[in-house]
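Please look through the sequence and the 3D view before reading the points below.

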Amino acid sequence: MEKRYVIIGAGNGGQSLAGDMILRGLKLSAIYDINPVPVKDIKKIGGIKMSGPIVEGFAPVAFATDSLGEAMSAGNVFLVTIVSNFHPALAKQMAPFIKPEHTILLIPGNSGSSILFRRALEVAGVKEFPLIGESGSMPYATRLIGPAHAGIKARKAVLPIAALPAKRNEELFNIIKPVIPEIIQERDSLSVGMNNVNPKGHVPSYLFNLGKVEAPTENDKDFHAWGTKSTIKIEELYDKERMSVMNILGLHPVSGDETSKMFYKGVHYVPLPQEKGISANAAQVPDRFIDEDVPLNMTLISDIGKKFNVPTPGTDLLIDIANIIRERDFRKDGTKLSNLGFEDKSVEEIQKYIMG
């Protein structure tokens, strides 16, 4: 069967992937977003402008739509680049159009993303499931620098992906490799999501630099330069706790430092300047640095630690501070063993589910 690729999500990741695919000579059947604004921007100029050291040029887009039904009918491989908080809601919306021969890749996944997506499809009435998988990050370090204008500052050297269940890893790899040549096979999808490096890199520096977050200046736009001896100590504590709970479940933990070196070979890349009209917050520290990374990753680390008696004081501290700052209960709202259907399962049962 011919693979027809559709991008679900026309934000910075989706537009960057679309532009990169097209300028490498690949066919993109459609790009979709529930928000009509980026769709209109793409239609207005007939495509996506690409800038930066990685991809330069204009990528003509044949079909951009804010109709999910139209997007689903256009393809059979769906590259989902929306914020992970909305994966379950998207699964419910996609459910009426799902076919077992479809492939869905969540780019990126967070802790348990593929499991949550599959469970949402099941609740919505899907009986025969498509091939579902996730990646460990976006293929790029990128941002939108203007309407229908993506700026990629760096490309990942490698990008781990895995399927749910893992016995379909090779099938997923062969479908995605033409689109994202940098992919490598990881052991399983839960390891992919729980190895997401963003919580380590985002949350401590955000929470312990609130003065900069709330009153940004021209000198503070490079978030990745905010790390101090103390914030790095907290980052390393969280990373150690994350790997400890992954080991308890028999997963494949990779340290945040190792992941960063694997992605970018230890090189720090400066973000591309944005056009006027892009908010300073979006240029520096978007809300998702807390609202995505804490509930979609840290709450599961804490929950697994409690169930299996693995101390997670650093993780718990970061969740508590985030709760105060956001005035909400991330533990209540975030991913837990119960969301994944694992609250009463043994390690052996969890392994059987994710491996297949």
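Among contacts in the chain between residues at least 6 apart in sequence, what percentage join residues at least 24 apart? The figure is 74%, where a contact means heavy atoms within 4.5 Å. The model is predicted, so local features need pLDDT of at least 70 and side-chain atom pairs count only at pLDDT 80 or more, while totals for chains, interfaces and linings use all residues. Residues are numbered from 1 along each chain as its sequence is written, and side-chain values use heavy atoms, with hydrogens and water left out.

**Overall form**

- The C-alpha trace spans about 55 × 55 × 35 Å along its principal axes.
- There are 17 helices and twelve strands in the chain; these are DSSP runs numbered from the N terminus, with helices (H or I) of at least four residues and strands (E) of at least two.

**Surface and charge**

- Of the 356 residues, 56% count as buried, meaning under 20% relative accessible area with a 1.4 Å probe, protein chains only.
- The accessible surface comes to about 15100 Å², and 54% of that belongs to carbon and sulfur atoms; areas come from the Shrake-Rupley method with a 1.4 Å probe, and for residues only the protein chains shown count as cover.
- The chain holds 41 positive and 41 negative charges, with mean positions 3 Å apart. Lys and Arg count as positive and Asp and Glu as negative, leaving out His and the chain ends; each charge is placed at NZ of Lys, CZ of Arg, CG of Asp or CD of Glu.

- Eight strands form an open sheet of mixed pairing in the order 5-2-1-6-7-8-11-12; two strands pair if DSSP finds at least two bridges between them.
- Strand 5 (64-65) and strand 12 (183-185) are at the edges, each with a single partner strand, so one side of each has no neighbour in the sheet.

**Around strands 1 and 6**

- Strand 1 (residues 5-8) runs parallel to strand 6, joined by four bridges, and V6 has F78 as its bridge partner there.
- Strand 1 also pairs with strand 2 (residues 30-32) in the parallel sense over three bridges, where V6 stands opposite A30.
- Strand 6 and strand 7 (residues 103-106) are parallel and share four bridges, with I104 as the partner of F78 in strand 7.
- In a regular strand, side chains alternate between the two faces of the sheet.
- Strand 6 (residues 77-80) is covered on both faces, with V77 and L79 buried on one side and F78 and V80 buried on the other.

Terms used
Buried < 20%, exposed > 50% of the residue type's maximum accessible area, 1.4 Å probe, protein only.
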